[in-house]
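Reader: Could you walk me through a model, feature by feature, and show me how to read each one?

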Amino acid sequence: MSNALGETEIEVPIETFPIHKEKDASSQASKLPPHRIVLILIGLGLVASAALFMRWDWLPQYGSLILQGLWRTIWILVVTVVLGFLLAVPLGLAQASGPAFLAIPARAFCTVIRGTPLLVQLWLLYYGLGSLFPQYPWIRGSELWPYLRQAWPYAVLALTLSYAGYEGEVMRGAFAGVPKGQLESARAFGMPRFTIFRRIWLPQAIHRALPTLAGEAVLQLKSTPLVATITVVDLYSVASRVRQDTFLTYEPLLLLAAGYLVITGIIVMLFRRMERLIPSKLG
């Protein structure tokens, strides 16, 4: 329709406004994709089949032992990931911008850890240091001896060093990926080095490395069964004991796989939440 001035009015359908598109997109995102529905149904079917056609009468007898193994697995995972990350930050920083006398040992440490099997590292610590310590009376008479004679400190040390070796390389790339212009601008404003590191460099490096850190945490969970080789009671060692005592194969292994799958889902969920929170918390 034309008005008195000869201008033409154009009618725009209300469906073309962005607000309606956003509502449609949100409603579609709230629906589960068909492949996820199929996977959920398959999972429920497998759970129902396992509950109906397999033997689970041994669960009450080994329930406390299973909880003990589950707790030990989670405890070892959390402790080694936290300690390994705290060690990986200086390793990555030394390789990214440190002097040669720090960068070379850090690079050598990461190379050795990544180039040797974790099982070999675990056995070297347990059967190597573990057999050397009793030869020194001052160690046997110290307050640390009740702990050094057990297996779990060597398991924690081996898994921590292994995680730090891999994550040291990840953090090196993350530190190197932060734009240098931001750091130079902060120096131009007179910010101290530690403030630049704490407020600019470290938060962005962690944010860049978080997806890889999540994957490495899952791999760390899958490495925890190796501690059973040095008599540490974890979830895998409990499943092996159930198999030996009951001569059942599939039931304890399925329970073991379900336990690892649940822990993996929790790890992924926590790291995805951290991806949204860490930049605002540390920056």
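Predicted model: local features only at pLDDT ≥ 70, side-chain atom pairs only at ≥ 80, totals over all residues.

Reader: Okay, overall make-up to begin with. How many helices and strands are there in the protein chain?

Author: Twelve helices and zero strands. Reading from the N terminus, the elements of the protein chain go α-α-α-α-α-α-α-α-α-α-α-α. As for burial, 33% of the 283 residues count as buried.

Reader: On to charges. How do I read a salt bridge, and how many salt bridges does the count come to?

Author: The general idea is that side chains of opposite charge can pair when their charged atoms come close. Here the count comes to four salt bridges. One of them joins D57 and R55, with the closest N and O atoms 3.3 Å apart. D57 counts as exposed because its relative accessibility is 52%, while R55, at 44%, is partly exposed.

Reader: Which residues are linked in a network of salt bridges?

Author: R114, E169 and R172. Take the link between R114 and E169, a salt bridge at 3.7 Å, N to O. That pair connects distant parts of the chain, with R114 in helix 4 (residues 100–115) and E169 in helix 8, 55 residues apart. E169 also meets R172 in a salt bridge, at 3.1 Å, N to O. E169 and R172 are three residues apart in helix 8, so about one helical turn separates them.

Reader: Now the rings. What should I look at, and how many aromatic pairs does the structure hold?

Author: A pair of aromatic rings is described by the distance of the centres and the angle of the planes. The structure holds nine aromatic pairs. For W75 and W152, the ring centres are 5.6 Å apart and the planes sit at 80°, so this pair is edge-to-face. It links distant parts of the chain: W75 is in helix 3 and W152 in helix 8 (residues 152–177), 77 residues apart. W75 is partly exposed at 28% relative accessibility, and W152 is partly exposed at 27%.

Reader: Which residues do ring pairs link into a cluster?

Author: W123, Y126, Y127 and Y154.

Reader: What about empty space inside? Which residues line the largest cavity?

Author: Rolling a probe the size of a water molecule over the atoms shows where empty space is left. In this model the count comes to one cavity of 30 Å³ or more, and the largest cavity holds about 60 Å³ of space. Its lining is made up of W58, I66, L235, V238, A239, V242, P252, L255 and L256. Helix 11 (235–246) and helix 12 (250–282) are the elements that give two or more residues to that lining. Helix 11 gives the most, with four residues.

Reader: Last one, the surface. Which residues form a nonpolar patch there?

Author: I74, V78, V82, L83 and L86, with about 410 Å² of accessible area together. V82 lies in helix 3 (residues 59–97). At 45% relative accessibility, V82 counts as partly exposed.

Definitions and conventions: Residues numbered from 1 in each chain as written. Heavy atoms only, no water. Patch = residues over 30% accessible without salt bridge, like charges linked within 9 Å, V, L, I, M, F, W, Y side chains within 5 Å. Areas by Shrake-Rupley, 256 points an atom, 1.4 Å probe, with all protein chains shown as cover. Salt bridge = Lys/Arg side-chain N within 4 Å of Asp/Glu carboxyl O. Buried < 20%, exposed > 50% of the residue type's maximum accessible area, 1.4 Å probe, protein only. Phe/Tyr/Trp six-rings, centres within 6.5 Å; stacked < 30°, edge-to-face > 60°. 1 Å grid on protein atoms, 1.4 Å probe; cavity = no way out; pocket = protein on both sides within 12 Å on 5 of 7 lines; lining within 4 Å. Points joined across faces, edges and corners; volume = space filled by probe spheres on them.
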